[in-house]
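Here's a quick tour of how some side chains pack and pair up. Have the structure open as you read.

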Amino acid sequence: MSRARRSNDWGFPRWRGYGSSREATTVRLCDRHGCEEPGNCPAPKAPNSPERWFFCQQHAAEYNAKWDYFEGLEKAEAEERAKAERAESAGYAEASHYGWAGSGDGSRSADEMRALELLGLESDAEFNAIKKAYRARAKEVHPDVKPGDEEAARQFQGLQLAYEVLRQAEERREWNG
């Protein structure tokens, strides 16, 4: 004889898990012709339109790659909208220091990225690699090695500035923890 199983909903039917119902669920298919994947990524049909296409993830990526957010706007109007978007999203940039940080994940400033590019390094380079690359490049264009060469002197000054930017950024990271 089978024994009755105990329910975990304490008599309240709405307390059951969301996936435990036995009714059929409706699945919206991708709006791309011939695609049988679920269409769970909404995409606007036109700029500033409430109407949406519903694509699968692959077709949504294709659609968004060609999307022009400022289509049909005058240049001044597009600049104004871009400025408003930046102002609205500025809070996210201010709060970025609360996230997990590490080199190469957006935690480097534009100046640091330009300095790394000047040294020929990737965005996730450690400070020891930065120091090594700076010393190697500086030995090639140092004014004592190439006396009287204005281009080499300019390159050396650029390398010094790049290293100083990266050194100060590393000190700030160590000091902030």
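Which residues are linked in a network of salt bridges? They are Arg108, Glu112 and Arg173. Keep in mind throughout that this is a predicted model.

## The charged network

Let's take the network one link at a time. Arg108 pairs with Glu112 in a salt bridge whose closest N and O atoms are 3.5 Å apart. Glu112 also forms a salt bridge with Arg173, and here the closest N and O atoms are 2.7 Å apart.

Arg173, at 28%, is partly exposed.

In total, the structure has seven salt bridges. Another of them joins Asp111 to Arg114, with the closest N and O atoms 2.3 Å apart. These two sit three residues apart in helix α3, so about one helical turn separates them. Asp111 is partly exposed, at 44% relative accessible area.

Helix α3 is worth a look from end to end. Its buried residues are Glu112, Ala115, Leu116 and Leu119. Look down the helix axis and these buried residues fall within an arc of 100°, which means they line one face of α3. The background here is simple: an α-helix has 3.6 residues a turn, so residues three or four places apart point the same way.

On the face turned away from that buried side, α3 carries the exposed residues Arg114 and Glu117. So Arg114, the salt-bridge partner of Asp111, is on the outward face, because that face is the one turned away from the buried side. After α3 comes Gly120, which has a positive phi, near 75°.

In soluble globular proteins, nonpolar side chains tend to be buried together. In this model, the largest nonpolar core has 15 residues, and those with the most contacts inside it are Leu119, Ile130, Tyr134 and Leu166. Helices α3 (110–119), α4 (127–141) and α5 (150–176) each bring in at least two residues of this core. The largest share is from α5, with six residues.

What does Ile130 touch, once its neighbours within four places in sequence are set aside? Its contacts are Arg108, Leu116, Leu119, Leu121, Ala125, Tyr163 and Leu166.

## Rings around Trp53

A pair of aromatic rings is described by the distance of the centres and the angle of the planes. The structure holds four aromatic pairs. In one of them, Trp53 and Phe55 have ring centres 6.2 Å apart and planes at 25°, so this pair is stacked. Ring pairs also bring in Tyr63, linking Trp53, Phe55 and Tyr63 into a cluster.

Key
Residues numbered from 1 in each chain as written. Predicted model: local features only at pLDDT ≥ 70, side-chain atom pairs only at ≥ 80, totals over all residues. Heavy atoms only, no water. Core = buried A, V, L, I, M, F, W, Y, C linked by side-chain atoms within 4.5 Å. Buried < 20%, exposed > 50% of the residue type's maximum accessible area, 1.4 Å probe, protein only. Helix = DSSP H or I, 4+ residues; strand = E, 2+ residues; numbered from the N terminus. Contact = heavy atoms within 4.5 Å. Salt bridge = Lys/Arg side-chain N within 4 Å of Asp/Glu carboxyl O. Phe/Tyr/Trp six-rings, centres within 6.5 Å; stacked < 30°, edge-to-face > 60°. Arc of directions from axis to C-beta.
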